[in-house]
Amino acid sequence: MKIQDAQVVVLAENQYQELELWYPLLRLREAGANVVTVAPSADALYGSKLGYPVKADLAITEIEAEQIDALVIPGGFAPENFRRTPAIVNLVKKVHDQGSLVAAICHAGWMLASAGLAKGRTVTCVPIIKDDVINAGGNYVDQPVVTDGNLITSRLPGDLPVFCKEIVRYLEANPSKRNPSKSLKKVAGRAGTTASYGKPARVVQTAAGKSSANYRMHAVEGK
């Protein structure tokens, strides 16, 4: 497909690794693709591991796999939060199963395990979670970037140049598998994802309920 026709989603959640979200988002926009961020909520603020904020273009409820040519999953500890949202896990699986690209870096190997995509595939990830990927049936290799069918994986932020280069190459070399009548559209009146932030985000944890041991992360704007 022409890269200008590609419809790309970058997932966002609290504790994402800064470069692993923003580098692909900006690199693919530079290449000409239509790139939007998707998170559990489009109204919430999400903070990175170091407190860099992001607000999503679309909530998970506002999107379907048939709109997507490529889905990028950043690492950090965001994948632990992605796994808590069944709709995000289901989206990853549906995008893959329709033949569109799933690209995962660093701890995003956790999402491949949860979505059942690692089994029988040659993949890489941050070494600390390689046992999780292997136990999910994946063939782990220690390489900067690995392509196995419509799955692209990388290890760490230092691999981002080859990771993004391979995503662009894949999209330009393969036909679109999404519904040609559907594309990703931002909601009218809602500000799009931008890297222009003046204040950091502070990620905090709160219990799901009184006396609950189930904690969830949320971000608040710093002072």
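C106 counts as buried, because its relative accessibility is 7%. Buried here means under 20% relative accessible area, exposed means over 50%, and partly exposed lies in between (1.4 Å probe, protein chains only). C106 sits in the loop between β7 and α4 (109–114). Its phi is near 65°, a positive value in a residue other than glycine.

This is a predicted model, in which local features need pLDDT of at least 70, side-chain atom pairs count only at pLDDT 80 or more, and totals for chains, interfaces and linings use all residues. Residues are numbered from 1 along each chain as its sequence is written, and side-chain values use heavy atoms, with hydrogens and water left out.

Q15 also has a positive phi, near 70°, and is not a glycine. Q15 lies in the loop between β1 and α1. At 17% relative accessibility, Q15 is therefore buried. Helices (H or I, at least four residues) and strands (E, at least two) are DSSP runs, numbered from the N terminus.

**The α1 and α6 pair**

Helix α1 covers residues 18–31 and helix α6 covers residues 160–173. The two pack at an angle of about 40°, with their axes 10 Å apart. Axes are lines fitted to C-alpha atoms, for helices over the stretch in contact, and angles run from 0 to 180 degrees between N-to-C directions. α1 and α6 are therefore oblique to each other. In these terms, angles under 35 degrees are roughly parallel, over 145 roughly antiparallel, 65 to 115 roughly perpendicular, and the rest oblique.

The crossing of α1 and α6 is right-handed. A crossing is right-handed if the near helix is turned clockwise from the far one by less than a right angle, and left-handed if anticlockwise.

Which residues of α1 and α6 meet? From α1 come L19, E20, Y23, P24, R27, L28 and A31. From α6 come L160, P161, F163, C164, I167 and V168. By class, this contact has 11 nonpolar, no polar and 2 charged residues. Ala, Val, Leu, Ile, Met, Phe, Trp, Tyr, Cys and Pro count as nonpolar, Asp, Glu, Lys and Arg as charged, and the others, Gly among them, as polar. Contact means heavy atoms within 4.5 Å.

α1 has 14 residues and spans 20 Å from first C-alpha to last, close to the 20 Å expected at 1.5 Å a residue. For α6 the values are 14 residues and 20 Å, again close to the expected 20 Å. The expected span is 1.5 Å times one less than the number of residues.

In α1, the buried residues are E18, E20, L21, W22, P24, L25, L28 and A31. Their cover includes β1, β2 (34–39), β4 (53–54), β6, β7 and α6. In α6, L160, F163, C164, E166, I167, V168, Y170 and L171 are buried. These pack against β1 (7–11), α1, β6 (70–73), β7 (101–105), β10 (145–148) and β11 (151–154). An α-helix has 3.6 residues a turn, so residues three or four places apart point the same way.

| Pair | Separation in sequence | C-alpha to C-alpha distance |
|---|---|---|
| S176 and S100 | 76 residues | 7.2 Å |
| T194 and V54 | 140 residues | 7.5 Å |
| N150 and Q17 | 133 residues | 23 Å |
| L45 and S181 | 136 residues | 31 Å |

S176 is in the loop between α6 and β12 (201–207). It is partly exposed, with a relative accessible area of 33%. Beyond its neighbours within four places in sequence, S176 is in contact with M1 and D69.

T194 lies in the loop between α6 and β12. At 35% relative accessibility, T194 counts as partly exposed.

N150 is in the loop between β10 and β11. Is N150 buried or exposed? N150 counts as buried, because its relative accessibility is 11%. Not counting residues up to four places away in sequence, N150 touches H96, G99, S100, L101, V102, R121 and Y170.

L45 lies in the loop between β2 and β3 (46–47). L45 is buried, with a relative accessible area of 16%. Leaving aside neighbours within four places in sequence, L45 is in contact with N14, P53, V54, K55, A201, A219, V220 and E221.
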